[in-house]
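Hi everyone, thanks for coming.

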Amino acid sequence: MASLITCPHCGVRPKEEFAIRGDASLLRPAPTASDEAWHDYVYVRANPRGRTLEHWQHVGGCRRFLVVERDTFTHEVHSVTDGAAFARENGR
Amino acid sequence: MTAYRLTTGGLVDRSRALSFNFDGRPLRGFVGDTLASALIANDQLLVGRSFKYHRPRGIVSAGPSEPNALVTIGPGARSDPNTKATVAELYAGLTARSQNRWPSLGFDIGAVSDLLSLFIGAGFYYKTFMWPAQLWEKLYEPLIRRAAGFGRVVLERDPDTYEKSWAHCDLLVVGGGPTGLMAALTAARAGLRVILADEDFRLGGSLLSETQAIDGAPAHVFADRVVAELQALPNVTLLPRTTVFGWYDDNVFGAVERVQKHVAEPLAKLATERVWRVVARRALLATGAEERPLVFGGNDRPGVMMAGALRTYANRYGVAAGRSVAIFTNGSAGYQAARDLHAKGIAIAAIVDSRAAAEDAAPEGTRVIRSASVVDTKGRRRVSGMVVERSGFEELVACDVVGMSGGWSPVIHLACQRGAKPVWSDQLSAFVAPDVSGRLRLAGSANGIYTLSGCLGDGVAKASVIASELGFKPAQDALPETGEEADPSFTALWYAPGAKSKAFVDFQNDVHAKDLGLALREGFGHVEHAKRYTTSGMATDQGKLSNINAVGILAGMRGVKPADVGTTTFRPFYTPVSFGALAGPARDKHAAPIRKSPLHEWARKNGATFVEAGLWYRSAWFPRAGEKTGRESVDREVLNVRANAGICDVSTLGKIELFGPDAAEFLNRLYCNTLLKLPVGKARYGLMLREDGFVHDDGTVSRLAEEHFLVTTTTAMAGGVMSHMEYCSQVLWPDLKVRFCSVSDQWAQIAIAGPKARGVMQQLVEDDISDEAFPLLAAGAVTLKGGLKARLFRISFSGELAFELAVPAGFGMAVADQLMDVGRAFDICAYGVEALNVLRLEKGLATHAEFDGRVTPDDCGLGRMVSPHKADFIGKHLSSRYGLTAADRMQLVGLKPVDREKDIRAGAHLLREGMKPSTLNDQGWVSSACFSPSLGHHIALGFLKSGRERYGERIVVWDKLRDQEVVAEVCDPVFVDPEKARMKA
Amino acid sequence: MRYSAFSIVKNALSGNLKWKPQWRQAEPKSHYDVLIVGGGGHGLATAYYLAKEFGVKNVAVLEKGYLGSGNVGRNTTIVRSNYMLPGNEPFYEFSMKLWEGLERELNYNVMLSQRGVIMLYHSDGQRDAYIRRGNAMWMEGVAAELIERDQLKKMIPFLNYDHARYPILGGLLQRRAGTARHDAVAWGYARGADRHGVDIIEHCEVTAIRRENGIVTGVETTKGFIGCGKLALAAAGNTSRVGEMADLKLPIESHVLQAFVTEGLKPCIDHVIVYGGGHFYISQSDKGGLVFGAEIDGYTSYAQRGNLATAEHVMEEGVTMIPGLSRVRVLRSWAGVMDMSMDGSPIIDRTPIDNLYLNCGWCYGGFKATPASGYCFAHLIAKNDTHPVARFLRLDRFARGYAVDEAGAGPQPNLH
């Protein structure tokens with residue numbers, strides 16, 4: 001990461017083609033969910049040192065939101081998947 | 001005369017002399033010289049002054065680790081301060097100036113600080129200059145600043161150009177010495193795409209200074225043969241004059257190529273420097289090893305040099321740094337230097353060896369003093385002798401050069417830039433690279449292998465492993481033949497005991513051994529603390545020579561091994577890289593892309609004054625003859641819109657077109673107001689929140705067909721809203737059947753506003769656009785006369801009867817011209833964003849001056865837009881938090897100066913009359929203000945605590961920054977036509 | 001030993017052999033009234049003020065690395081109080097005032113250099129936003145000046161007045177703002193705290209937080225268990241990691257911010273200059289190096305290193321603002337791990353867990369806050385009551401809807 005991201009649609013592309021949105025592990029709560037659930041969704045972050053899931057948008061390419069699984073300490077990228085596919089798999 | 005050019009030998013081209021200039025002195029050198037070798041040939045060893053004590057300093061090394069020989073090269077705006085003379089390639093007309101001295105290199109007033117050195121040791125400044133406080137900025141700091149620093153920068157526009165390039169390869173070899181050349185050759189012959197980068201202007205590395213034969217030929221001839229073969233191979237890119245400065249994630253390397261730094265006048269068509277980003281499947285560091293200086297009394301006197309550098313100057317450049325060279329060594333390298341110099345006819349005054357015994361062969365007739373130490377040097381601006389101590393006896397040995405050799409440190413910088421810590425090797429008495437990743441390896445001297453045959457062999461071996469890993473078949477060629485080699489061992493010596501004067505560790509920053517002692521005494525014994533407290537290793541050479549000795553000395557003082565002290569952190573850049581090279585061409589007007597509306601030329605033709613708006617240039621106003629200020633033009637445009645008609649380019653608005661059975665549902669979730677039931681053929685104002693409940697952006701939503709929508713965004717947020725919609729669609733609601741794309745660039749959009757707008761439009765549009773047929777907020781396809789399909793919206797941002805006409809971008813100019821033509825009869829005028837702003841301000845409409853990321857819809861008087869009935873939309877839940885609904889929030893109000901002659905300006909704050917200014921008393925602020933030509937006085941929009949309850953109240957508009965206080969009346973933000981009669985006309 | 005010109009002369013005459021360690025290498029006791037996790041600027045300042053101002057002397061500071069090894073030793077040394085929002089401005093001005101007396105307070109020269117910080121504006125909208133900010137400063141009694149283009153040209157002649165993509169129209173100047181020597185701040189507070197009896201324990205990493213009946217009673221460390229009355233976290237980029245040990249859920253992301261220094265140069269830039277067309281800022285250290293930086297790399301990271309693309313972008317902004325930088329060589333880049341909060345403002349507060357106190361969310365502005373952060377945190381710990389200037393900087397402000405969002409960027413840390 002940091003230098004190159006392998007976009008599942010476009011191939012290996014440089015970092016500067018992407019915009020980083022943030023934590024991809026969070027699920028948007030139901031509208032009727034508790035105040036706490038909404039607070040946690042919008043404001044609380046696990047912020048792990050190690051593997052994390054992050055939304056990167058390929059703004060300079062296919063414009064897809066990608067879920068980048070990477071290590072916040074070594075900067076190694078473990079996987080990159082399409083955000084919509086990830087969302088469907090994870091029950092959104 | 002002591003230093004001189006040897007009569008023969010060296011790889012310089014003696015048939016091609018070059019004239020250059022140092023401190024105003026015209027001098028001569030040869031093609032193939034560095035500035036340093038040419039200076040030595042001209043007996044100019046003294047080239048600079050040190051940082052703190054302003055001691056005279058000479059050339060120490062023959063490469064990029066040089067701490068002393070920093071000069072400013074080049075004239076005027078092309079001057080490069082702090083350039084290392086040891087790597088600066090000599091060219092005809094080169095001008096160099098010494099630094100950090102006044103009035104001259106020979107006589108430097110600053111040297112008085114050397115006399116005070118007892119009082120200004122490490123960290124002295126933390127302990128004094130505290131009283132009186134005012135004197136720090138006025139007296140002490142300017143003195144320190146003036147004394148410190150090195151070169152002078154002119155801060156003028158750089159006449160040169162820079163560029164960047166990506167490169168991709170199977171193997172990047174860093175370093176073109178024996179190891180790198182063999183590695184590149186092995187890999188290239190096996191078919192790998194190879195890039196070989198070397199910082200030197202000539203490939204060959206240590207082979208260019210080597211006297212040993214390879215395959216029966218001189219080493220440099222062997223190097224040339226390999227280079228020639230590499231050059232002929234199509235899968236090889238050779239990058240001489242290229243420094244690989246950084247190793248980044250994913251095996252991407254940053255490198256800078258000095259394309260034209262070796263010419264007086266760079267060609268304009270070529271970049272002067274080029275930054276490469278090299279994506280390498282594998283990389284091999286063949287970066288060699290650095291010879292260590294020895295820390296002994298008086299080791300900074302000009303003429304004290306690295307033994308290896310003396311060899312290089314003699315063998316490669318054909319220059320002798322002196323006529324009588326003494327060597328101080330702790331290993332074989334000192335003897336090798338002595339042998340090479342002796343062979344060139346240079347006298348060897350003595351070899352002082354810190355070891356008791358050694359197998360190394362001294363040149364015939366040379367005196368070797370074992371178990372001895374150099375404790376001082378003599379001479380003023382040049383060494384004239386050294387004091388040798390052995391068994392308590394001191395002896396002065398006359399010499400004009402002292403060559404020092406303290407052993408070797410592998411150059412592992414790049415391998416340790418990504419967090420891995422160097423590992424101490426007892427066997428090598430050095431820090432070596434840890435196992436960093438299978439994608440980067442080290443070979444040769446960088447890997448602790450110091451013999452020539454070992455380096456050649458390791459280069460082949462490592463390249464073969466890499467080739468195999470990548471699926472190539474390396475050939476099993478025989479290794480080149482080398483002669484018998486000396487044992488390259490040494491016995492580490494961190495500090496030569498008994499120093500009679502300052503024994504420098506870091507030459508450039510003037511850190512001597514006692515400074516490290518003081519640091520330790522004061523509790524700064526950790527290697528990072530010692531560095532930061534003494535500044536050791538923080539100079540422009542980043543401690544390439546000094547760091548290892550500092551570690552050794554700290555270890556000795558603390559009674560631990562160097563392994564326990566560890567190193568400071570290696571970070572980019574390996575050697576300093578210019579701002580210009582890293583910035584490349586993206587500067588000045590190219591700093592950000594330029595976007596121009598499809599109507600840009602139309603606006604230019606009509607005399608527009610343009611203004612930057614994000615990436616766009618927008619027309620600000622259209623001055624006419626006789627108008628002296630922008631205000632005059634803007635006032636005229638506003639009045640004309642209110643009286644007649646005006647047209648304005650609004651193409652820069654974001655435009656997104658959506659399709660699909662769920663498009664309505666999607667938009668309904670995206671905006672806080674209801675859109676589900678928006679009828680086909682209608683537009684509606686839409687307000688979008690962030691998930692935290694604050695306003696994100698606004699615009700219009702038009703339903704062009706049941707499953708077909710067009711939304712507009714503000715110019716500033718076009719990209720952000722598009723991205724937000726993509727996030728919502730792809731991540732939050734991937735199952736909604738909706739597709740959309742930005743059509744911002746596909747449509748030119750023109751606002752036509754004013755009481756005569758319909759009259760103008762009807763001239764152009766085939767369709768019936770009467771109020772009955774095309775009422776307020778109508779939206780849909782129309783046909784222009786002549787057949788062009790367009791889109792028309794009856795929306796108004798001015799409060800006037802208004803249309804927005806969208807046509808395919810390519811027709812924008814023609815349509816705008818046509819509008820101006822047919823509009824002439826209606827007294828139409830073009831108006832710019834300034835008039836647009838005044839028109840909306842008179843109507844109390846909010847823009848991003850109001851939507852500053854901290855306001856709710858209710859703050860802006862748009863609270864009723866937020867649907868209480870919708871189950872969900874972005875921002876719904878968190879909108880209900882206490883802080884977002886509190887009664888004392890600031891609300892949008894209008895402001896009119898009580899004295900109508902006064903003006904109000906944006907950015908002012910609001911205070912109750914008679915209250916003292918304080919953060920607690922702050923009542924709000926002015927978000928937008930202008931002169932209203934319609935009303936004839938200034939008006940403003942602002943946010944005021946509980947503002948809507950306070951219409952009629954007098955409030956102080958407090959602009960302390962511009963020393964202005966105005967009393968204003970709080971009022972409804974709609975200043976003009978609150979009944980909206982004009983818009984509905 | 002008191003530091004002065006006299007002490008320097010006296011020690012020099014005895015060969016500089018009698019200087020004492022600036023702080024003791026303490027070994028942990030079994031129990032402290034207050035344990036502070038994090039031996040950076042904020043942790044050390046907290047310890048200092050606890051002992052000096054609030055009479056809490058049985059205090060230890062635990063640092064996992066060497067003292068000052070975090071962001072206090074890797075920032076761009078800027079000190080200013082030019083904020084806009086009422087939640088921030090009084091706090092940072094309180095800090096500024098502490099800075100102005102810090103050298104006498106600590107008997108340590110932190111080289112506070114009030115050379116002025118100027119933020120450039122490039123459009124009318126940006127000018128208006130800066131005027132709003134300048135007036136907010138004045139509301140708090142903090143002097144600010146609007147420098148218009150002609151005046152700016154005289155003051156800083158080498159800016160890109162003629163060729164910039166975004167024209168340089170003027171700037172907002174705070175003259176009292178400037179720089180300070182970052183390491184010296186850590187060392188000065190360490191020495192001061194040590195002199196008031198605080199134990200500074202380096203190379204001691206907290207590995208767990210012990211709780212009994214929901215109340216924090218101490219920490220497990222690499223040097224064994226240490227009991228405490230109160231536990232105070234000042235762990236910056238590692239806040240989430242330490243907080244996790246007590247199951248704290250925090251509004252923090254760790255991001256990497258790069259900084260750079262050039263080779264040493266004779267004095268050429270006399271102010272701290274902030275580019276309004278991007279994020280670039282620059283000043284010249286007393287040693288001569290130009291110290292500069294810009295935006296964060298953008299992704300969460302605990303690695304103290306940055307990426308090349310961001311570095312290149314920083315240089316682009318640099319030469320666009322000051323064309324003459326083009327031939328200056330950049331010596332070194334480094335990076336720090338920033339505790340980015342969800343609104344860009346810090347948190348100094350109690351936590352839902354008894355005896356556990358929190359100081360975090362400094363984003364990339366922690367250095368200038370060091371004195372006030374330490375003072376207010378000490379006040380909170382000692383009195384169990386929020387200091388008035390920190391009253392908006394609460395942990396529950398997001399739940400209540402009182403974000404202190406200086407950038408107006410919303411809950412996305414990498415936009416602040």
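**Salt bridges, cores and chain contacts**

Let's start with two residues that are both buried: D959(B) and R962(B). Buried here means under 20% relative accessible area, while exposed means over 50% and partly exposed is in between, using a 1.4 Å probe and protein chains only. D959(B) and R962(B) form a salt bridge, with their closest N and O atoms 2.6 Å apart. For a salt bridge we ask for a side-chain nitrogen of Lys or Arg within 4 Å of a carboxyl oxygen of Asp or Glu.

Quick housekeeping before I go on. This is a predicted model, so local features need pLDDT of at least 70 and side-chain atom pairs count only at pLDDT 80 or more, though totals for chains, interfaces and linings use all residues. Residues are numbered from 1 along each chain as its sequence is written, chains are lettered from A and ligands numbered from 1 in the order in which they are written, and side-chain values use heavy atoms, with hydrogens and water left out.

Okay, back to salt bridges. How many are there over all chains? The count comes to 107. One of them joins K249(C) and E36(A), at 3.5 Å between the closest N and O atoms. K249(C) is in the loop between α8 (239–244) and β12 (252–262) of chain C, and E36(A) is in helix α1 (residues 35–43) of chain A, so this pair joins two chains. By the way, helices (H or I, at least four residues) and strands (E, at least two) are DSSP runs, numbered from the N terminus. K249(C) is partly exposed at 46% relative accessibility, whereas E36(A), at 51%, is exposed.

Now one inside chain B: R274(B) and E163(B), with 2.6 Å between the closest N and O atoms. R274(B) belongs to strand β16 (residues 273–285) and E163(B) to strand β9 (residues 162–174), so the pair ties together parts that are 111 residues apart in sequence. R274(B) is buried at 13%, and E163(B) is partly exposed at 31%.

Next, where chains B and C meet. Here 117 residues of chain C are in contact with 120 residues of chain B, contact meaning heavy atoms within 4.5 Å. The two chains bury about 10100 Å² between them, 56% of it on carbon and sulfur atoms. That buried area is the accessible area (1.4 Å probe) that two parts lose on being put together, summed over both.

On to the aromatics. The whole structure has 47 aromatic pairs over all chains. Rings of Phe, Tyr and Trp (its six-membered ring) pair if their centres lie within 6.5 Å; planes under 30 degrees apart are stacked, over 60 edge-to-face, and the rest tilted. Y126(B) and Y108(C) are stacked, 5.7 Å centre to centre with 15° between the planes. That pair crosses between chains, from the loop between α2 (112–115) and α3 (135–147) of chain B to the loop between α4 (102–106) and β4 (117–121) of chain C. Y126(B) is buried, at 0% relative accessible area, and Y108(C) is buried at 0% too.

Now the nonpolar cores. A nonpolar core is a set of buried Ala, Val, Leu, Ile, Met, Phe, Trp, Tyr and Cys residues joined through side-chain atoms within 4.5 Å. The largest has 146 residues, and L35(B), Y49(C) and F91(C) touch the most other members. Helix α10 (residues 366–383) of chain C gives the most to this core, with nine residues. Apart from it lies another core of 63 residues, including A33(A), V721(B), C228(C) and L231(C).

Last stop: helix α16 (residues 663–670) of chain B. Is this helix largely enclosed or open? Six of its eight residues are buried, so α16(B) is largely enclosed by the rest of the structure. Among the elements covering those buried residues are β39 (682–689), β40 (695–705) and α17 (718–732) of chain B.
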